[in-house]
Amino acid sequence: MSDSLKGAPRPASESAAEAVARYCREHGIPLPRRREYLPRWHPNIQAYLRNKWEHNAPGVWACYCATCEKRFYARHPAGYCSPACTDAARHERERERRMRAKAGRTCAHCGAPLSTVARADSRYCSPACRQAAYRGRQVSGCPQLTSRNAP
Ligand SMILES: [Zn+2]
Ligand SMILES: [Zn+2]
């Protein structure tokens with residue numbers, strides 16, 4: 001905007017945004033930043049969207065968060081109210097995936113099912129089986145090593 005508007009009465013062609021900018025300049029107020037986006041989970045935006053939704057404005061959706069089950073408003077159908085709830089859901093999915101990967105494992109020695117609380121890299125149902133498997137490997141051994149040790 002040019003300085004020619006400074007102090008001049010508001011021309012009919014001046015938009016509201018231009019009027020604000022002119023007012024700020026005349027009163028030494030820093031101009032509001034043009035593209036200051038608040039995220040949609042910001043309370044102000046939620047209040048704004050809820051108001052629009054309550055007045056049946058098009059393009060506003062009332063959604064329920066799949067994590068915290070709170071109602072929220074968005075411009076597109078959305079599953080989660082905030083990044084925190086999105087992250088929580090992702091962590092929960094990863095935890096379930098790990099649990100599924102753990103289920104159905106069996107002991108590499110005796111074949112008994114492994115507990116789902118066992119570590120992801122555990123292969124034996126008990127220290128006894130791990131020991132037995134270790135001893136078994138020692139006995140069968142590596143052929144080259146045993147032949148070298150043979151007389
Ligand atoms: Zn939520
Ligand atoms: Zn076992």
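**Entry 1: glutamate 69**

I started at glutamate 69, which is exposed because it has 9 other C-beta atoms within 10 Å. My cut-offs for burial use C-beta atoms placed from the backbone: a residue is buried if 20 or more other C-beta atoms lie within 10 Å of its own, exposed if 12 or fewer, and partly exposed in between. This is a predicted model, in which local features need pLDDT of at least 70, side-chain atom pairs count only at pLDDT 80 or more, and totals for chains, interfaces and linings use all residues. Residues are numbered from 1 along each chain as its sequence is written, while chains are lettered from A and ligands numbered from 1 in the order in which they are written.

I then placed glutamate 69 in the loop between β1 and β2. Its phi is near 65°, a positive value in a residue other than glycine.

**Entry 2: the hairpin**

I looked up the two strands next. Strand β1 covers residues 61-64 and strand β2 covers residues 71-74. They run antiparallel and are joined by 4 bridges. For pairing, DSSP must find at least two bridges between two strands. I checked one pair: tryptophan 61 has alanine 74 in β2 as its bridge partner. The hairpin has 6 residues between the strands, and glutamate 69 takes its positive phi there.

**Entry 3: the whole chain**

I stepped back to count elements. The chain has 5 helices and 2 strands. From the N terminus on, I read α-α-β-β-α-α-α. Helices (H or I, at least four residues) and strands (E, at least two) are DSSP runs, numbered from the N terminus.

How much of the chain counts as buried? I found 5% of the 151 residues. I also looked at contacts in the chain between residues at least 6 apart in sequence: 11% of them join residues at least 24 apart. Two residues are in contact if their C-beta atoms, placed from the backbone, lie within 7 Å.

**Entry 4: helices α2 and α3**

I compared helix lengths with expectation, which is 1.5 Å times one less than the number of residues. Helix α2 (residues 43-54) has 12 residues and should span 16 Å; its end C-alpha atoms are 16 Å apart, which agrees. Helix α3 (residues 83-102) has 20 residues and should span 28 Å; its end C-alpha atoms are 28 Å apart, so this agrees too.

Is α3 buried or in the open? The number of its 20 residues that are buried is 0, so α3 lies largely in the open.

After α2 comes asparagine 56, with a positive phi near 55°. Asparagine 56 is a residue other than glycine, and it sits in the loop between α2 and β1. Asparagine 56 is exposed, with 7 other C-beta atoms within 10 Å. Just after α3, glycine 104 takes a positive phi of about 85°.

**Entry 5: the core**

Which residues make up the largest nonpolar core? I listed 6: Leu49, Phe72, Tyr73, Ala74, Tyr80 and Cys81. β2 gives the most to this core, with 3 residues. A nonpolar core is a set of buried Ala, Val, Leu, Ile, Met, Phe, Trp, Tyr and Cys residues joined through C-beta atoms within 7 Å.

Leaving out residues up to four places away in sequence, it touches Cys65, Ala66, Thr67, Cys85, Thr86 and Ala89.

**Entry 6: three loop residues**

I took arginine 75 first. It is found in the loop between β2 and α3. Arginine 75 counts as exposed because it has 12 C-beta neighbours inside 10 Å. It touches Gly59 and Val60, not counting residues up to four places away in sequence. Proline 58 is 17 residues from arginine 75 in sequence and 9.1 Å from it in space, C-alpha to C-alpha.

Proline 39 came next, in the loop between α1 (16-26) and α2. With 8 C-beta neighbours inside 10 Å, proline 39 counts as exposed.

I ended at arginine 123, in the loop between α3 and α4 (127-140). Arginine 123 is partly exposed, with 15 other C-beta atoms within 10 Å. Its C-alpha atom is separated by 8.2 Å from that of arginine 105, 18 residues apart along the chain.
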